[in-house]
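I would like to walk through one model with you, and I will keep to what can be read from it.

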Amino acid sequence: MTFHQLPKAQGLYRPEYEHDACGIGLYAHIKGIASHEIVKKGLSMLCKLDHRGGQGSDPLTGDGAGLMVQIPDAFFRTTIQNVQLPEKGRYGVGMLFFSNNDVEREKIESYINKVVEEEGQTLLGWRTVPVNDETIGETARQSRPFIRQVFIGANEGLKDELSFERKLYIIRKQSEHWAKESDLRFYFASLSSRTIVYKGLLTPEQVDRFYLDLQDESFVSAFALVHSRFSTNTFPSWERAHPNRYLIHNGEINTLRGNVQWMKAREKQFVSEAFGEDLQKVLPILDTEGSDSSILDNSLEFLVLAGRKPAHAAMMLIPEPWSENPHMTKEKRAFYEFHSCLMEPWDGPTAISFTDGKQIGAILDRNGLRPARYYVTDDDYIIFSSEVGVIDVEPEKVLYKDRLSPGKMLLIDLEEGRIISDEEVKTEMAQALPYQQWLDEQLIRLNEERSNEEEILVDLLIRQKAFGYTYEDISKYLVPVVNEGKDPIGAMGNDMPLAVLSDRAQSLFNYFKQLFAQVTNPPIDSLREEIVTSTMTLLGAEGNILQPSPLNCRRIQLDTPVINNGQLERLKSLDSADFKSKVIDMLFDDNLEDSLDRICQEADSAISEGVSLLILSDRKMNKNQAAIPSLLAVSALHQHLIREGSRTKVSIIIESGEVREVHHLAALIGYGVDAINPYLAFATYKQAIAEGSLQFTYEDAVNNYIKAMTEGVVKVMSKMGISTVQSYRGAQIFEAVGISEEVIERYFTGTVSQLGGIGLDTIAKEAKMLHTLAYADSYDQTLDSGSNFQWRKTGEHHAFNPGTIHTLQWACRKGDYDLFKKYSKLANEERIGFLRNLFSFDETRQSLSIDEVESVDSIVRRFKTGAMSFGSISKEAHETLAIAMNRLGGKSNSGEGGEDSRRFSLDENGDNRRSAVKQIASGRFGVKSHYLVHADELQIKMAQGAKPGEGGQLPGNKVYPWVADVRGSTPGVGLISPPPHHDIYSIEDLAQLIHDLKNANRDARISVKLVSKGGVGTIAAGVAKGAADVIVISGYDGGTGASPKTSIQHTGLPWELGLAEAHQTLMLNGLRDRVVLETDGKLMTGKDVVMAALFGAEEFAFATAPLVVLGCVMMRVCHLDTCPVGIATQNPQLRQKFTGEADYIVNYMRFIAQEVRELMAELGFRTLDEMVGRTDVLKMSDRAKAHWKAKDLDLTPLLHQTEGVRTFTTPQNHKIDESLDIQKILPAVQKALQDQIPVDVSFPITNVNRVVGTIVGSEVSKHYGEAGLPEDTITLRFTGSAGQSFGAFVPNGVTLEITGDVNDFLGKGLSGGKLIVKTDQSSKLLAGENVIAGNVALYGATSGEAYINGRAGERFGVRNSGVNVVVEGIGDHGCEYMTGGRVVILGDVGKNFAAGMSGGIAYVLADDQEAFRKLCNQEMIEIESLSKNDEEELMKMIQTHFYYTNSVKASYVLENWGNYVRKFIKVIPKDYKRMLEQIQKQKDAGLPDEDAIMSAFLANSSKQKNTTTKQPEAVLR
Amino acid sequence: MGKTTGFMDYYREKGKERNPLTRVGDWKEYSLPFSDETLSRQGARCMDCATPFCHMGMEVQGATSGCPIHNLIPEWNDLVYRGRWKEALDRLLKTNNFPEFTGRVCPAPCEGSCTLAITDPAVTIKNIEQAIIDKGFENGWIAPRIPVSRTGKKVAIIGSGPAGLASADQLNQAGHSVTVFERADRPGGLLMYGIPNMKLDKGVVERRISLLTQEEIKFVTNTEVGKDITAEELHAQFDAVILCTGAQKQRDLVIEGREAKGIHFAMEYLTKATKSYLDTNFEDGQFINTEGKDVIVIGGGDTGADCVATALRQNCRSVVQFGKHPQLPETRTSGNMWPAYPNVFTMDYAYKEAEAKFGEDPRQYSIQTKKIVADENGRLQELHTIQMEKLRDDEGRFFFKEIPGTEQVWPAQFVFIAIGFEGTEQPLLSQFGVNAINQKIEAAYGEYRTNVEGVFAAGDARRGQSLIVWAINEGRQVAHEVDCYLMGKSYLPK
């Protein structure tokens, strides 16, 4: 056995999909005093982070845990008898994992011995590390390595420690390279003269039981850096456990692939004083087989050993946002700008802690997407961790409690014995060299260049045709882009064939699907959190990363990678030795491969002549020479130059007529382009203006287009959680569908293409087809219509077309099964549209009589309708679906818009309008305790097929009063749904939310909805480990009320791929039996359901088809509120046109089930369960084999089977019984629950007690409905540090008071309850400086009160819609997306306050009002002074705060009210304010409340449009 | 996309017509153009459906639903709304060779399947179509497009109806030399003589023929293939032949007294009227004159209506139109759901005119002529009829049953038979040796090849009696096939 057992790629599973996340911690003595206590406490701290780690199918085997400490010199001296150790610091210790094969190990050891000698150091000896493997899990034991330590003495010639560390590094690298070449496996957990790592495939509590060394009292260290891992898989890996050699990491590097390639590209350019000749011995720097954390570790290690201070290296790798950040000093900005010329950021949600053994640092990503809290005590200890409460400290010993802010650094210098502040360390760095001066002298900024007026191209039409331009492209894309200034919106999802299945010539771009973040990292909101984004682009050769010099920033800077014709001209004509340019034709006549080679050769010779700007151009296209698909040309060149090691010497600029959409630009940048000139788009604008179809000047049109495209690209990046174009470039955040392995391998190296597909010949053929037609067709002077979003008879096939739509409608309305069969025949056979259409059944199967097959009544129970919110669809449509599904015994899904509680009781006729599945999405609209208890299934929507990685926006004119009512918001005021769940930035967060919801409704299944993409199987495994009961895999083709067209077509994968991968990966992990797998995405027929079952699904959801049954005619105008059949609209006039009935849906579902039965009989399956995963009955159909493109696909990965249980059999253990609520609290409050007699009880609490109060709350909601109990009926008092989600969803009548502090997610979804968080009376802390609550407090809270006697972390009150809260200071992004309630802040706020805030009021005590204004995101809000009413309200809230918490600050403010009241600022959203005024006006005019609201709404919505400065990017689903 | 809320903001406005009492006094077109403002408003009603059922063109319940030539209706509706007429014309001509015909006489299956028509009156697609092309001619945007180069291939097209003209236009644009043979003295087929002038002004037809002539298409009239020129000669002179001879063989009444004088096929009646009108403004007397007579038209369709309107203009004493089917309902029935062609009651121009003139709708429903009685001179005297009930058999098929006691006698001097067409005429087919089934030339839809090498067939001759739009559809498609046949490939649209 080895210590690393990731299975080989098989079926759709690939080991590179693995992700992990974790809990991290540091316990240190600031003055550097070592003790065994630190080691012990470090480990115990880890045990308290256990819930952040994961366990697989074997509960005793963890995902990995470990610690890094200083080398325990004394321990080694006493333990190792036979080795004479030199003085401390003059010897290094290596910690090595070997296989249990002694021969192999001895071979490796002797090689290492040899390298040590060769490098002039002294081998002191080897030691077998004593372990006790009785204590670890079975899986871990089987893969346990043989663990040895090597001791290496320093050569006397090496004077400084760093040189010795460098030597050790060279020894290690050479040994590793040799082993790899010799196909031998071993692993250095660490090799250093300063630090040592003990880690393994262990649970936290196993670490010191396994490593006996750690139990020895003489084993001392001044710090312990600890880590507990949550991996998405359950495959054993000892080496993937943390710590790495220099750092521990919690998070994800989204741009890893790009970073790795750029690092690789740079290696040949490295020149290092420090390494000198030795440099070649250590290349390649990165071990790409490692995890993203270990690769980041490789880079940090290298930079440090090359001579940079660890803090400096960390700032290069993970810079804070500077380009859009107005708060930064000029010097610091220059520092970052200078370094941006050298290296792109390693982007992603990240908290790292790193050390070289002397300094320990910690840094948080630019967006603050990881929690990091710390205490400093009066006896010089620092406790730093993902959570507070991990080490018990007496409150009076705490000097201060703080948290790490986004982009900030914490640095402890053990030698100096102090904490160095972010400010100090960075100022020192920034001032070390004259960065600003260098930039001023060297950097060329090319942003003001006006666009040259493009001449009207005489062959414009031919070019447009040759590049596949359509009338739709112009009228529905390019023109709206300029008119509306954004990427256009569409609705109802994609129902066209994949490019590889299409009968038509397709653009190569269409074969590439954008990737997106889900679960393991969050997408970001590029609109509301623009502050962290950057589109800055640099051209010209990169300097030497290892050597700071002015020449490093001899580059050209652009604001955006999209350039106009003027800028391109300028680049072509730059007259400077540093910036020589060369145009290379991107054309081919017959042989595409040769032409690509020619491009690469021309580039090579240009580079050798000193060219640093390569311009690939198809301008010279002509009748005989077609343009090479730009993506192919660019990626081929990029990959070639990386291989040649010359990529960083040049920039690749592209001048192409093909490029016009956001997706094109994103793909080009993703595959390595530096700048893009889409000249034909500009020429098209020129023409449109001349024709009068566009009322802009050419200059404005071009500028609007560039701006919209740039924002569009940022949006695409942000779906993956990437914030800078610089790191997105070359990161290949795409997946190919239908491209052959050879093409990928050679030209798109590293891209995933799961099913193979077309080769270079077909790519050439497709490019030629349009080209030939364009140059041949002389008599039709018009463009073809285009049919991507609008069906055309002669255009691309759409699964929902007039024929299928009306036949389905008629069949279900008439209850005519024969007609339904006609429909299903059309849907199944009309055209190959979906992957499932490529298969046929094994005809040799023994068929059954249909009477032996599971009944229709039984099958329909597995059916659901897809999540569609009330708000996106009308009350009529929403309730009809619910009634129908309840009649069938299936389930309807509420969507994310909440649900009217009147629907929770039966109608008179026995119909049930309650949705059995209640959705919890990022907006948390209507997610209250009462809503949650009325569900059979709670679905966490991680992503939506039509727009994975995106949020949404419901514009004010769609927020009708009844929608606002259910969503808990204000009519007429727009609602924003953030791209991420702000309580899910990683897998362990998701596990937390699953746990929260299970607490909120113990009877409901918890479902997690994912969207298909490569790697979704691995994510599903993680989700299963996070204890989800149901996992939904949605296809990319699912519907939507509104999404950017870019997303509808180009993001995500078909469900067939995702489902099969999820099923296979769960099987491989032994987790399949724990979860129910469900799928959705344009399921149309019974055959579709059978296919889904064969690929692994047990339950099935339908959305588009049921809507069609109800009357939808695929207008795709859901986002416009003009649905003419009364479905996707709230307009009462249009709702009257609704003609759907529940019986039609019942007919549809039963027809589907009947068709399923018929096929089951044919295939010989008696029950649906039997059929799940039986891909052996499928084969590629003859029709597929005859298709000119589809024939090239390799479908076998979809059919791969793994032995084992194929369906759900074993319920998850949610550990609800172990909760404080069940164990202690619930028994104590029975009187209150049963008889409403007030109860007041107290309990101690620690951070392992999570979601406290929620179960009690759910009982209240169950018994007393939405109203809950009278105030303070149940009072629960706690002392200590509460775990995450303290007081989540607590309803009216429940009060939670805690003395101590709380972790993340305080009062999540608070539903009327009261929360009090106060400081211990014995504490010496000043509340205003004391971080008492973690990140994301009161997320999605709907009503209630909260009083927080201290500061809270990032994203306070996000999507608060009604809670009144007082807090004494908060972090960045406070009150983001807030829609209601009152927030009083008696202290500082962080950056980007009130971004996307559309309702409610914040009162902020700001000493410096100007400074406060700068911290606000002022897009949607007004800042004003307080009225008399406001003052009264404020005073009352502060008084209450004082009453509950004894806040010193509150008391001081109240005592000096006269002075202080003037310092308060009122923040109120503009639209909200206007609506409130309107409503008041109507009321004053004598209208009753309801009429006043409606009348105000109508008056408001008619003039709504011009009030928001930024266009909504999408309307809520 | 029109105006997003246009369909809620504006009502459908009916096409303007001249006063029925005035217009029956002449033979000019009865309809009047809309103003540009009205058209823009009506264009705004278009919802720019992502799935435009108006454009689908398919058979639903045995009737045409949506536009068979797949006109890009939402595209030009929007352009008209925005006043961008020239572009609207470009988009219209992309799919439709002769919008001036379809805009006037098409029964507009597009409007029946208009999505707005699910709940509201459909968009006035047909009026907009006509306005676009009329404006195109008015503004001189329609100019002869003479092909730059010629392929040297020659194509003969037999028949100059809409199918023949469409294929001629397409093939000519592809560079082939096209000759169209027409039996009558004027080209245009049914467009010329089958439809009366008040519905489709013959100047409009001549304008198109003249344009095609300028584009170098040759028209040979008064020439019947088989008589004036043989199939062999055609084979020898041309590289390909397309038969677009229509389905002119009229269905006859098989009934006692059929031989009475005064009984004519509708086509004879209409053709003579139009020819005489065009030749001499009726001065030559070469037409069937119903002045002062009682006229009965048998057959409830459009041709029957045209007979009614013609008789009215001739100052008949009375006119009645018999239909076998019951009166249609005011709104769709559950068996006739959208998007099927709406079988609902409408008032066509002829009925409005009759009502204005005689005070009642000329239509009689559910009526069957049992026998015709002639006077002693063999001249038509009266018709004997009975009412019928329309029923369904056990398998859901319709059948008719006479209702005893509903017998009636109708005096008449003229009867026009307008009960449809049976198919194409046999002699020509024999000449070419082309196979036919049920009097339709055997050639698959979309392929159009007959059993004879180089001979193609399209339009009513192939598919049977149908709509002009189907004729244009087939004419365009056959052109693509012939082009492929001649050149090995084709860039003509399919």
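How much area is buried between chain B and chain A, and what share of it do carbon and sulfur atoms give? This is a predicted model, and in it the area buried between the two chains is about 3500 Å², with carbon and sulfur atoms giving 64% of that figure. On the side of chain B, A50(B), M337(B) and Y491(B) supply 18% of the area that chain B buries against chain A, which is more than any other three residues supply. Counted by residues, the contact takes 40 from chain B and 40 from chain A.

Let me turn to the polar side of this interface. Between chain B and chain A there are five salt bridges, and 16 residue pairs are in polar contact, both partners being at pLDDT 80 or more. A salt bridge to look at on the screen is the one in which the side chains of D780(A) and K94(B) meet, at 2.8 Å from N to O. As for where chain B touches chain A, helix 1 (6–9), strand 1 (58–60), helix 4 (73–81) and helix 5 (85–93) of chain B each supply at least two residues of that side. The residues on that side of chain B divide into 22 nonpolar, 10 polar and eight charged.

Is P979(A) buried or exposed? Its relative accessibility is 11%, and because the cut-off for buried is under 20%, P979(A) counts as buried. P979(A) lies in a loop of chain A, between strand 35 (975–977) and helix 31 (987–1000). Once its neighbours within four places in sequence are left aside, P979(A) is in contact with P523(A), I524(A), D525(A), G949(A), E950(A), G951(A) and Y1377(A). By way of a distance, P979(A) and I1216(A) are 237 residues apart in sequence and 30 Å apart in space, C-alpha to C-alpha.

Finally, a word on confidence. The model scores ipTM 0.95 and pTM 0.94. For chain B the mean pLDDT is 95, and 100% of its residues reach 70 or more, while for chain A the mean is 92, and 97% of its residues reach 70 or more. Over residues 1503–1517 of chain A, however, the pLDDT is below 50, although this stretch has 63 contacts in the model beyond near neighbours in sequence. Where pLDDT is low, the predicted coordinates should not be read in detail.

Note on methods:
Residues numbered from 1 in each chain as written. Chains lettered and ligands numbered in written order. Heavy atoms only, no water. pLDDT = per-residue confidence, 0-100. Contact = heavy atoms within 4.5 Å. Buried area = accessible area lost by both parts, 1.4 Å probe. Salt bridge = Lys/Arg side-chain N within 4 Å of Asp/Glu carboxyl O. Polar contact = N/O pair within 3.5 Å; in protein donor to acceptor, adjacent residues only side chain to side chain. Helix = DSSP H or I, 4+ residues; strand = E, 2+ residues; numbered from the N terminus. Nonpolar A, V, L, I, M, F, W, Y, C, P; charged D, E, K, R; others polar. Buried < 20%, exposed > 50% of the residue type's maximum accessible area, 1.4 Å probe, protein only.
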